[in-house]
Number of protein chains: 2
Amino acid sequence: MTEPGTVRPGGRTARVRAAVLRAAEDALVEKGFDGLDLADVARRAEVGKTTVYRRWGTVAALLADLLTDMAEQSSPRAETGSLLGDLRANAGLVRRTLADPRQGALFKAVIIAAACDERAAAALRRFYRTRIAEWAPCVERAVAQGELPAGTDPHEVIKAVSAPLYYRFLASGDPLDEAAADLAARAAVAAARAGAYVRP
Amino acid sequence: MTEPGTVRPGGRTARVRAAVLRAAEDALVEKGFDGLDLADVARRAEVGKTTVYRRWGTVAALLADLLTDMAEQSSPRAETGSLLGDLRANAGLVRRTLADPRQGALFKAVIIAAACDERAAAALRRFYRTRIAEWAPCVERAVAQGELPAGTDPHEVIKAVSAPLYYRFLASGDPLDEAAADLAARAAVAAARAGAYVRP
């Protein structure tokens, strides 16, 4: 598999990877993880089957590369100037992603894959670690400025913003509307201010 | 399908239902929703195929009945005398269920079914509504006693306890340990005290 940084942006290798990853997304959205097949992905991407087999080798490796790409392509952290503003922006991003028909179907397929396949689960955990690390600095700044108690775990605060949105998406079926995103951000800030996320 | 209350407890009809639902659980844990098949469930339950087809008819109806049974069989609400104690008990129950190998596999299968099948999703939403309504009174009492702000939505508080545990279970892969359950309960209480769950 190609390591990040070893491919000239816009080169043929990068174009092949982009086409294959988009084809893998299409296949996941249409048929789910069980329907993901390297030969089918090669056909959809109009790329030689041998190229796909040589470069990714297995469906799990292809999914792992797709999740790496999704983490890299995701929107960068917002800088609104306030903790609540930043966490609202984060909640809004998570909400829009899960509520979007294509992105939502893609996340469902990836989460189902992770429930059934340990390599897919490891790739999904890396995806969340990357995204959480991207947003953690807004909490770190609030701790440094005394807005949150010393010792607050920034990663736990970011996860607390996502959790109620994923719970609606996967379990309760409650609507993923803007009010839900706003509530997720406000509840995380309130709990963090009260010291709930101070490391024990 | 048999309505609750129309079957004598311990009668033959109830025994058949219990055997079929346990067999459906076994099949879901072993093979997932895609592997659920009425003829296979009848064989596992040692019940006539015709009985299973006549009484449940479809895999989705069988899953809906299983979720009704799971909601009815779940542990009743604890009465610890304090809001934090009650929500800790609730978080502990959710955590033990998801961390248990058999129950966890069953919930993954049911959640995957709900992601793929609208009737399964409706049955899962009913399951969560029942469980949340069972635990809501401990929040209602805290509101009545002035421990939480007037207008706090009890259902949102109960969901806030579950959400971080489901997020670990399905998305981040972080451990479902007792510290996670304790954090879920403390964060929900802190956010509720700060007024985050007051209905707008």
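Biologist: Which residues does A:Ser162 touch, leaving out those up to four places away in sequence?

Modeller: A:Ser162 touches A:Val94 and B:Tyr167. One of those contacts is in chain A and the other in chain B. Keep in mind that this is a predicted model.

Biologist: Is A:Ser162 buried or exposed?

Modeller: A:Ser162 is buried, with a relative accessible area of 8%. The cut-off for buried is under 20%.

Biologist: Which element is A:Ser162 in?

Modeller: A:Ser162 sits in helix H8 of chain A. That helix has a kink of about 30° at A:Ser162.

Biologist: What is the end-to-end span of H8(A), then?

Modeller: The end C-alpha atoms of H8(A) are 26 Å apart. The helix covers residues 154-172, so at 1.5 Å a residue its 19 residues should span 27 Å. The two values agree.

Biologist: How many residues of H8(A) are buried?

Modeller: 17 of its 19 residues are buried, so H8(A) is mostly covered.

Biologist: What happens at the two ends of H8(A)?

Modeller: At the start, a side-chain oxygen of A:Asp153 comes to within 3.0 Å of the backbone nitrogen of A:His155. After the helix comes A:Gly173. Its phi is positive, near 75°.

Biologist: What is B:Asp174 in contact with, beyond its neighbours within four places in sequence?

Modeller: B:Asp174 is in contact with A:Lys159 and B:Arg168. The side chains of B:Asp174 and A:Lys159 are joined by a polar contact of 2.4 Å.

Biologist: And how far is B:Asp174 from B:Leu124?

Modeller: Their C-alpha atoms are separated by 24 Å. Along the chain, the two residues are 50 residues apart.

Biologist: Another aspartate: where is B:Asp40, and is it buried or exposed?

Modeller: B:Asp40 is in helix H2 (residues 38-45) of chain B. The residue is buried, with a relative accessible area of 10%.

Biologist: Which side chains make polar contacts with that of B:Asp40?

Modeller: The side chain of B:Lys31 makes one, at 3.5 Å. The side chain of B:Arg43 makes another, at 2.6 Å. Leaving out residues up to four places away, B:Asp40 touches B:Ala27 and B:Lys31.

Biologist: Which residues does UniProt list for "domain: HTH tetR-type"?

Modeller: UniProt lists residues 14-74 of chain A, again from an unreviewed entry. The chain there is 79% helix and 0% strand, with end C-alpha atoms 18 Å apart.

Biologist: Now helix H4 of chain A. Why call H4(A) largely enclosed?

Modeller: Because 11 of its 15 residues are buried, the rest of the structure largely encloses it. Among the buried ones are A:Leu62, A:Leu66, A:Asp69 and A:Met70.

Biologist: What covers the buried residues of H4(A)?

Modeller: The cover includes helix H1 (12-31), helix H2 (38-45), helix H6 (101-116) and helix H7 (118-144) of chain A.

Biologist: What span should H4(A) have at 1.5 Å a residue?

Modeller: It should span 21 Å, and its end C-alpha atoms are 21 Å apart, which agrees.

Biologist: Where in chain A is confidence lowest, and where highest?

Modeller: Confidence is lowest in H4(A), at a mean of 91, and highest in helix H9 (residues 178-193), at 98. The mean pLDDT of chain A is 92, and 96% of its residues reach 70 or more. The model scores ipTM 0.90 and pTM 0.91.

Biologist: Last one. How many helices and strands does chain A have?

Modeller: Chain A has 9 helices and 0 strands. Buried residues make up 52% of its 200 residues. Its C-alpha atoms fill a box of roughly 55 × 40 × 30 Å along the principal axes.

Methods:
Residues numbered from 1 in each chain as written. Chains lettered and ligands numbered in written order. Predicted model: local features only at pLDDT ≥ 70, side-chain atom pairs only at ≥ 80, totals over all residues. Heavy atoms only, no water. Helix = DSSP H or I, 4+ residues; strand = E, 2+ residues; numbered from the N terminus. Expected span 1.5 Å × (residues − 1). Buried < 20%, exposed > 50% of the residue type's maximum accessible area, 1.4 Å probe, protein only. Contact = heavy atoms within 4.5 Å. pLDDT = per-residue confidence, 0-100. Bend = angle between axes of the 7 residues up to and from the residue. Polar contact = N/O pair within 3.5 Å; in protein donor to acceptor, adjacent residues only side chain to side chain. UniProt positions renumbered as here; feature names shortened; annotations may be inferred.
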